[in-house]
Amino acid sequence: MPYVAIVLDDSPARDELLKRAPKGWRPICHHITLAMGRPKEGSPLERAIGVHVNDIRLGRVLGDDQVIAVEVELPAEIRALCTNRVPHVTIAVNSATGGKPVMSNFLPWSAAGGDVTWSDLTISGTILAVK
């Protein structure tokens, strides 16, 4: 299914995120989903394609035995385009337990917890329509 996302730049910060994936898990660390499907012609989301987004701050880290992800803080004008309940980057999946990247959408983001933060890193990327 097509989607619109901030596709992360190759950078030292992204490399650091990849290093933080649990040993034996499949690293992902590719994008931040903004919306599923193709953007409507002329919509603010479509007009944002190609925009580079800098200084995306990382927040709480959540995970279970199948997936680990980190919440992100998007600039207000980009957050307004995001239909994802909690913008985040899927860091890694545990294929041995059936983990899939989409499972990061169902982590208990609204629950207390996620005491671990990776606020020492900022990432960047470009808004793209992904097939």
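**Briefing: pocket, sheet and a buried leucine**

The lining of the largest pocket holds seven nonpolar, nine polar and no charged residues. In this count Ala, Val, Leu, Ile, Met, Phe, Trp, Tyr, Cys and Pro are nonpolar, Asp, Glu, Lys and Arg are charged, and the others, Gly among them, are polar. This is a predicted model: local features need pLDDT of at least 70, side-chain atom pairs count only at pLDDT 80 or more, and totals for chains, interfaces and linings use all residues. Residues are numbered from 1 along each chain as its sequence is written, and side-chain values use heavy atoms, with hydrogens and water left out.

**Largest pocket**

- The largest pocket has about 310 Å³ of space. A pocket here is an open set of points on a 1 Å grid over the protein atoms alone, where a 1.4 Å probe fits, with protein on both sides within 12 Å along at least five of seven lines. The volume is the space filled by probe spheres set on the points, which are joined across faces, edges and corners.
- It is lined by 16 residues, and the closest to its centre are H31, T33, M36, V102 and N105. Lining residues have an atom within 4 Å of a point.
- β3 (31–36) and β6 (88–93) are the elements that give two or more residues to this lining. β3 gives the most, with five. Strands (E, at least two residues) and helices (H or I, at least four) are DSSP runs, numbered from the N terminus.

**Sheet**

- Seven strands make an open, antiparallel sheet in the order β2-β6-β5-β4-β7-β1-β3. Two strands pair if DSSP finds at least two bridges between them.
- β2 (26–27) and β3 are the edge strands; each has a single partner, so one side of each lacks a neighbour in the sheet.
- Helix α1 (residues 12–19) packs on the sheet and touches β1 (3–8), β2, β4, β6 and β7 (122–130). Contact means heavy atoms within 4.5 Å.
- Five bridges join β4 (residues 52–63) to β5 (residues 67–73). G63 has I68 in β5 as its bridge partner.
- β4 is also joined to β7, by four bridges. There R57 has T122 in β7 as its bridge partner.
- Six bridges link β1 to β7. V4 stands opposite A129 in β7.

**L74**

- L74 sits in the loop between β5 and α3 (76–79).
- L74 counts as buried, at 9% relative accessibility. Buried means under 20% relative accessible area, exposed over 50%, and partly exposed in between (1.4 Å probe, protein chains only).
- Not counting residues up to four places away in sequence, L74 touches I6, I32, L34, I56, R79, C82 and P87.

Methods. Axes are lines fitted to C-alpha atoms, for helices over the stretch in contact, and angles run from 0 to 180 degrees between N-to-C directions.
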